[in-house]
Amino acid sequence: MSTHRNLAPVSVDPARLRLDAADGSAGTLLGMRCLDCSAYVFGLAVFCQACTSSRLEPADLSRSGILYSYTIVRVPPSGWPGAAPYVLGEVELPEGPHVLAEVIGADEEDLQIGIDVKLALQKVTSGESEKPRIVYKWTPANCGQSEMREAHN
Amino acid sequence: MNRFTPGREVVVVGVGLHPFGRFRDKDLATLARDAVLESLKDCDVQWRDIQVAYFGHVYYHGMSVGETALASLGLTGIPIINVENACSSGSTAFWQAYWGITSGMYDLALAFGAEKVPGGPVTVTAADSPERFIGGDHMMAGYALRMRRYMSETGAPASALAQVTVKARQNASLNPYAHRKETYTVEDVLSSRPIADPLTLYQCCPTSEGSAAAVLCARDALGSYGLDDSRAVTVAAAALTSGNYNGRGSDHSAFSPYRTEPAAIAAYEMSGLGPEDVDLVQVHDAATIGELQQIEALQLTPKGEAWKATAEGRTALGGDLPVNTDGGLLAMGHPFGATGIRMVHETVTQLRGEAGPRQVANARVGLAQCSGAGDVTTVQLFKR
């Protein structure tokens, strides 16, 4: 029925998520580490946000973190391609940065500040002509699902 | 951080407000102009004497709306600057007018703002941004994340947060300009429709339309324009900051709850006043949690304790720390470009002793604080 499944997926934001497999089944969160003050930034950057140094090196960020806070979004913003309600999590990485993304594969009673979460990738499509996008998500660390999930919208 | 030293003393001589609500038959420029007319009438300043005008607004209604709004008053050739700084657009326009005068460049300046905010959740990024797929760009979801964290860290009960709205509605019931004047109980607030748990609808500010304006003058030039200082209110400080690195490494939505601190410190230093001197406060209560964290960032209570001050009634009219005396964003509504100047309007009205049924007794020092996306913060101090 739809043609988009035959299109190669793209990263939702190449400055923040690198795809490590052509089908989008593996990927890594991108960051930068400052060679002068050691601060990390989520996403590609040219200058350090903490000390303004331009001496930065790329650094792959951890695939897991701690749930710093979460909310169940009942009224989604315009353009949200997923179902509602959805869970939005603020996750603290071991390197420091906080990364906001949807939390999938969790029952409401599993959600709690401080739980361990891990990176999950989801293929999201919106519109027949659009290439599917691989979106980074979080899922509870004890959730047994495979990393790659597919959203059918 | 602000390294400039204020020069001439600046006073607010006139303020004007258009009611906040929905005005579908009025375009943005007309809405803006109406507040300007009120502000000029308030101080009897002639439009031809205004030397510069700054106009705060966010949503696009065509180019140069500030010029369109003011053209109907006469084409005087003055610089008119349109200012977009998210929810702090109005307070940024005020900040620019202040610095335009204190620097010596102008004697008389106008700061005004207006907005017609569309309904539905407010987003910061463009419609084609990756954020729309990621799901993190949702103002109230951002506040909800902060609220859950705050409740977990401080032990604040949901009822204390709901009390912020109850208090806002009580204040607004005394204010004919407010968008939402009906009063609510804690139970009403908590049982309203969930928006982003734990935030319920009545804990989120309404999206509104409205406008506000302020006329500022150098104190030493009042006489040159036939003005006196009988109703003038001194601007003791005007500070504006953007985001500081907070260790969160820039995911734009994971904003710091205490980003107001640097602007607060700058404003206290500029004015020689401290938190203990402040008699009434207007803060950016886009959501209930916002009010609590702003109060703490302004050092008006210790961190983690603003919810107690609220629960004890200290922030209500008649308390020792009255906050958002006109109803705040939660009840006045939040037309972005107007909000910061609406806060100036309320502070000036209170310090003049003209606030009628919501008058704070013996009010001599007032503080106004506005937040915006991009971690923009403004803090202004006023004194009589």
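Predicted model: local features only at pLDDT ≥ 70, side-chain atom pairs only at ≥ 80, totals over all residues.

User: Where is B:Asp375 found?
Analyst: Phi of B:Asp375 is near 55°, a positive value in a residue other than glycine. Most residues other than glycine have a negative phi. The residue is found in the loop between β10 and β11 of chain B.

User: Which residue in the turn of the hairpin formed by β10(B) and β11(B) has a positive phi?
Analyst: Strand β10(B) covers residues 365-372 and pairs with β11(B) in the antiparallel sense over eight bridges. Three residues lie between the two strands of the hairpin. The turn residue with a positive phi, about 90°, is B:Gly374.

User: Which residue of β11(B) stands opposite B:Val365?
Analyst: β10(B) and β11(B) pair in the antiparallel sense. B:Val365 belongs to this pairing, and its opposite residue in β11(B) is B:Lys383.

User: How many residues of β11(B) are buried?
Analyst: A residue is buried if 20 or more other C-beta atoms lie within 10 Å of its own. Strand β11(B) runs over residues 376-383 and is mostly covered. Of its eight residues, the number buried is seven.

User: Which residue in β11(B) is the bridge partner of B:Ala238?
Analyst: β8(B), residues 233-241, also pairs with β11(B). The sense is antiparallel, over seven bridges. In β11(B), the bridge partner of B:Ala238 is B:Gln380.

User: Which strands stand at the edges of the sheet in chain B?
Analyst: The sheet is open, has nine strands and shows mixed pairing. Its order is β3-β2-β4-β7-β1-β8-β11-β10-β9. An edge strand has a single partner, so one side is left without a neighbour in the sheet. The edge strands are β3 (80-83) and β9 (280-282) of chain B.

User: What angle does the direction of helix α8(B) make with that of β8(B)?
Analyst: Helix α8(B), residues 261-271, packs on the sheet. It touches β8 and β11 of chain B. The angle between its direction and that of β8(B) is about 145°.

User: Which element gives the largest share of the side of chain B that touches chain A?
Analyst: 30 residues of chain B are in contact with 37 residues of chain A. The elements that give two or more residues to this side of chain B are α4 (131-134), α5 (139-154) and β5. The largest share is six residues, and the element is α5(B).

User: How many charged residues are on the side of chain B that touches chain A?
Analyst: By class, this side has 13 nonpolar residues and ten polar ones. The number of charged residues is seven.

User: Is B:Asn324 buried or exposed?
Analyst: B:Asn324 lies in the loop between α10 (306-311) and α11 (328-332) of chain B. Its phi is positive, about 55°, although it is not a glycine. It has 28 other C-beta atoms within 10 Å, so B:Asn324 is buried.

User: What is omega for the peptide bond from B:Asp197 to B:Pro198?
Analyst: Most peptide bonds are trans. B:Pro198 lies in the loop between β5 (194-196) and β6 (199-200) of chain B. The bond from B:Asp197 to B:Pro198 is cis, with omega near 5°.

User: Where is A:Pro85 found?
Analyst: A cis peptide bond joins A:Ala84 and A:Pro85, with omega about 0°. A:Pro85 is found in the loop between β6 (64-73) and β7 (86-92) of chain A.

User: What radius of gyration does chain B have?
Analyst: Chain B has twelve helices and eleven strands. Of its 384 residues, 60% count as buried. With 384 residues, a compact globule would have a radius of gyration near 21 Å. The value for chain B agrees: 19 Å.

Definitions and conventions. Residues numbered from 1 in each chain as written. Chains lettered and ligands numbered in written order. Buried ≥ 20, exposed ≤ 12 C-beta atoms within 10 Å, placed from the backbone. Helix = DSSP H or I, 4+ residues; strand = E, 2+ residues; numbered from the N terminus. Pairing = 2+ DSSP bridges. Contact = placed C-beta atoms within 7 Å. Nonpolar A, V, L, I, M, F, W, Y, C, P; charged D, E, K, R; others polar. Axes fitted to C-alpha atoms, helices over the stretch in contact; angles between N-to-C directions. Rg over C-alpha atoms; globule rule 2.2 N^0.38 Å.
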